[in-house]
Structure formats: C-alpha cells, structure tokens
Amino acid sequence: MTMVIETQQDLVELTRRIRRHVVQMVYDAKSGHIGGSLSSTDLLSVLYAKHLRHDPGNPSWHERDRFIMSKGHCTPVQYALLAEFGYFPIQELSTFRKIGTRLQGHSVLGKPPGIDNSAGSLGMGLSFGLGLRLAQQLQELDESRVWVLMGDGEQNEGQVWEAAMSAAHHQAEGLVAIVDRNGIQNDDFTKATMNSEPLHEKYEAFGWTVLSDIDGHNLDEIDRAYDWARNQRGAPVCLIFDTIKGKGVSFMEHNPAFHGAPPSDEEFTLAMAELAE
Amino acid sequence: MMATAEVHPLAATREAVGPTLIRLQKEGNNLVVVDADLGKSTSARKFRDEFPERFFSFGVAEQNMISAAAGFAAAGHTVFATTFAVFAEHAFDQLRMSVAQPQLNVKLVASHGGVSTGEDGASAQSIEDIGVFSSLPTFTVCTPADVVEAEAIIEVATKTPGPFYVRTARPKTPVIYTDGAQFELGRAHMLRDGGDLTIVACGLLVERSLRAAEQLAKEGLEARVLNMSTIRPLDVAALEGAARDTGALVIAEEHLSYAGLGGMSAHALASVEPVPMEFVGVNRYGESGTWSEMLELMDLTPDGIVTAAHKVIDRK
C-alpha cells in the first residue's frame, strides 16, 4: 500500500509517527541511534513524501531516484519511513536489531527492500552515490536523481572530500548531498571533537552549488530546497540543513547523550507522551 | 598443455588487462572501468581510448574509486577497478562494506603484485594483498600464471557475478600457456604429473615450479605441478588428491606464506588429508632491486623450490 500525502497536515502527522517509531524501535532494541534519526526525520519525511521518485510496489524499479543513507547508523528513521510507505509491514519495525531481523542496526543493501546501499562505516555514501549518478548519466536516465544523506560529524572522513572533488570534476549534476548539521557527533559537540566548518565554503571551493542555513525542521523550507536542488544544472548540489539532534523530544534535544544510547523506561514514557497526538 | 620449461615468449600479466576489457566491451558486456591515475601501468587506460564514456578517472583516491565502483555496479554495470595491489589495500574497508557485504559486481584488477614490483621498494611491493582480499568472504581471488591465463581470468570474472580480486604482475615473464589458456574457475590446473611430491604454485612461481620439477626429475624425483590460479575458492579436491597421491606438498607463491596460498592450503588439508608440507613464500618486507633479484633475495627460485622439495620428501 502506497501512502499518499495530500495536505500539510498529512506531512506533519507523518513526521510525528516517524518520531514515535524511532523512539519505540530504539527502546525495544535497547540500542540504536535516536538523536541523528530525529534530527533527520523532517528532512527524510519531505524527501520520501514529495521528492524521491520511488515505487514501494517495485523497489528495484531501475529508473528510480536513489536515496543513499551515508550515516548508516540512522536506520531507525529510514526503516520507519519505508514501513510507513508500504515497503514492508509496520509490525516488522519491532524486530529492529534483533536476531533474525531484516532490519540490522546499520544499513544493508536490499534488506529490507528499499535500502539502496550498505552503510555503517562513515564517509562512503557520497562516493557510492556518485558512482550511481554517473551510471544514471551514462544510461541517460535524465529524470533520475541521487540523494545522499550525511551527518556533519561524518564530514571528518577524508573520503567525503575525495568524493566532493571528483563529483565536481565529473560534473555530476543530479547528485544532491544533504548534510544534517545537528552539531553533535558520537562523543561530543562537533566543535569540540572535530570542527568541519565552514562547510558551505568548503563545498563551494570544491566546485559544488551550495545552499546552507536552511531550517531542517521547517517542512516548507525543506520542500523548496529540494525543488531547487532537483533543477540545478552543471554541478552537484549540496544542501546544508541546520537541525537539532533529538528534535521532538525536549530532553534529547541538543543532548550528546542521545547519539547512540537507548532511553530508560522513564525517558521512553516521557518521550512518547511528548510525541503523542 | 605445456610440460617443459623451454624458451618461451615473454609478457607481463598486466598487459592483458586493457586489451581484454576492450574485447569484452566490444562483445556487448556492460562494462565500466574506473582508474586511480595508474592506467598506463595497469594497461587499463587502453580501454579509455576505445570507450572514453565508460572510463572514469578518480585521481589518486582509491577509497572514493572503490565506493563509486560499487555505485556503478548497483546501477547494473560490471565494473573493473584498477590500480596497484598496494593501493587497492588502501581501500580495504570500502571493499569490505561497499563491495563485499552487498556482493556487488566489482572486479578489482590490481597490478604490481608481489616483490617482483622491484626497484620501487618495499612500499610498492604487495606481499599481503591475496591474504587481505581473501579475508573478504564473498570475494573470488585469482592470480594468473601468465598473460594468457590473465586474459582468461578477466573474461571469466566478467561473466561471473560478484566481487573479484585479480592480481597481476609487473615484469615480463615466460608465457606458459602457449597453446591457449586452460583456466577453469576454482580448479587447479595440473601442468605436470609425478608421484614423489606435489608443487602447488600460483602467479610467477608457476613457471619457476616447472623449472624446479625439471631439476628434480634429473635427480629421479617426479613432481606433480599444480597451477592454483584460483585461490578462493580453493580447489580442495585437487589438494586432497595431491596429498593422497604424492604424500608431500610444497606450496610456492610470491606472497606472505602464512597469509596466502600456503596458509590457506594448510588450513584446507588439515582436516581432510594432512601430509608434510613446506612453504616457499615471502616472510618479510622487500627492498629495492630488479624483479629477478628480488625473487632471488626471497628464495623464490627454482633452487629454492628444489630445496623445499628435498626437505618435504625427507619428512615423508
């Protein structure tokens, strides 16, 4: 069953359901990455609902857009979206990270259907997306695009900049890098661990068309940014969204403690209450 | 099949790469070739001259090249990624996560394997690549004994889905398969039969093993010689047969013995047909020198193999 998002309220409701799934999955699994899933929930909900050319009934449709989750620890948000869009039953989300599941902790290509890359080791998704995009160009799939979601901590990885250099060199228009700039990485704030800024100027210097300072929790702003990105020509596009790690659960917001730790029973109850209708 | 080591034409296994890929693309395979600024040395650049739209330079950035190769493969192409063996190792985790785990159709064909890379010294001489890439359980790993077999392996790799590693070498060495390749994936090729011991070899050591077998024959010792050009999956049946029929094995390779054909053969035989084994391989980093000087320095010579043969026969 393919979900239809017709109104803004439908979209807002979708983001709320996704956040509830994320918290529930990580709580049930007693492990997983809540913070970066919640910071990218709005980015990915708008992408899947309004911009990604995909067909849940035919996940291997060759001309589809490819969404590449480079920050592969944020599977909870992607699995939740795939389930909501009908790639697999929503009940299967409860198997996340458990023995025998198709929903591993980090992304595995093809498991479940709709996952288009393997990830977990950071920094590889932009390169993988570049290869896909150059193949789309070679195959003259003019309507297809590749969208790659990266974290801001992930920008520490040298391979990201190898990919940035070569994507511009190969004029990979139609490749869209989405940076979820939530300001926190595994151990601490990015400014304390490894400052990757200024990202806008860096991508621009590498030859990309860049849009930054976009509110990554304003659904209209996200929508406009994707529209703009899809139609840029001549160079790859980088969209840098300012987001809040843990967005939607007050005590998780801007809190480095919720990068990769599950909520306690009490925290779970509080979080679900905040995310209630 | 050639059974003697008389004078043969010389060619480097790396020379097969570009021309074979051109032929395979002309035959209608959906190839893409990615390169990290070594296309002249690997011969992959010849492909660019024929099919520029299917050749992508990634500069001196192997990690990006490998993950991008995986992306091309995910879009339906058979992708050949080419560089030197040591630089391929630079992208180990990319090969592991982007290629091996999703079992994408990426063929890593790396030249300058082994100490025969020569003058460039230790950093350029890959003595661990076969072990490194054999540690990725979904990879098929091959190394040709000569340029004829190199062409056959590249063709089979193109037609066999999934990740491949092919090690080629820098120096021009004697062609063994002058009457055409006998390559069969996952099968050892017996170049010579004998009952006193078996020499199992791969790569440049195959021709040297044939010369060793000739020396041994002059002493009255008959050696079976197996070209084990597929290292993974290993032809365990051929090893087991050799162990049963000849009772002693010498494993010869231009690679760290414990991490290469030697270690893997011993592991395979330990549970089915353990027999005395000796290993002719590399056990330390190299240095500068000509390719043949390097092989001599490491005892990767017919004499070295003969010495190992005597030792193993004494242990029977």
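**Close-up 1. Strands S9(B) and S11(B) pair in the antiparallel sense.** The pairing of S9(B) with strand S11 (residues 223–227) of chain B runs over 3 bridges. Two strands count as paired if DSSP finds at least two bridges between them. His189(B) stands opposite Asn227(B) in S11(B). Helices (H or I, at least four residues) and strands (E, at least two) are DSSP runs, numbered from the N terminus. This is a predicted model, in which local features need pLDDT of at least 70, side-chain atom pairs count only at pLDDT 80 or more, and totals for chains, interfaces and linings use all residues. Residues are numbered from 1 along each chain as its sequence is written, while chains are lettered from A and ligands numbered from 1 in the order in which they are written.

**Close-up 2. An open sheet of 5 strands in chain B.** The order is S9-S11-S10-S13-S14, and the pairing is mixed. Strand S9 (189–192) and strand S14 (277–282) of chain B are the edges, each pairing on one side only. On average, neighbouring strands of this sheet are turned by 25 degrees against each other, direction ignored.

**Close-up 3. Helices H10(B) and H13(B) lie across strands of chain B.** Helix H13 (residues 302–314) of chain B lies across S10, S11, S13 and S14 of chain B. Its angle to S14(B) is about 155 degrees. Axes are lines fitted to C-alpha atoms, for helices over the stretch in contact, and angles run from 0 to 180 degrees between N-to-C directions. Contact between two residues requires their C-beta atoms, placed from the backbone, to lie within 7 Å.

**Close-up 4. An open sheet of 7 strands in chain B.** Its order is S3-S2-S4-S5-S7-S6-S12, with mixed pairing. Strand S3 (55–57) and strand S12 (230–232) of chain B are the edge strands, each pairing on one side only. Neighbouring strands are turned by 20 degrees against each other on average, direction ignored. Strand S6 (residues 140–142) and strand S7 (residues 164–167) of chain B run parallel, joined by 3 bridges. Thr140(B) has Phe164(B) in S7(B) as its bridge partner. Helix H8 (residues 147–159) of chain B packs on the sheet. H8(B) touches strand S4 (78–84), strand S5 (106–111), S6 and S7 of chain B, and its direction makes about 170 degrees with that of S7(B).

**Close-up 5. The side of chain A that touches chain B.** Here 21 residues of chain A are in contact with 22 residues of chain B. Helix H5 (125–138) and helix H6 (158–169) of chain A each supply at least two residues of this side. H5(A) gives the most, with 10 residues. By class, this side of chain A has 9 nonpolar, 10 polar and 2 charged residues. Ala, Val, Leu, Ile, Met, Phe, Trp, Tyr, Cys and Pro count as nonpolar, Asp, Glu, Lys and Arg as charged, and the others, Gly among them, as polar.

Close-up 6. For chain B the mean pLDDT is 96, and 98% of its residues reach 70 or more. The model scores ipTM 0.96 and pTM 0.96.

Methods: pLDDT is the predictor's confidence in each residue, from 0 to 100.
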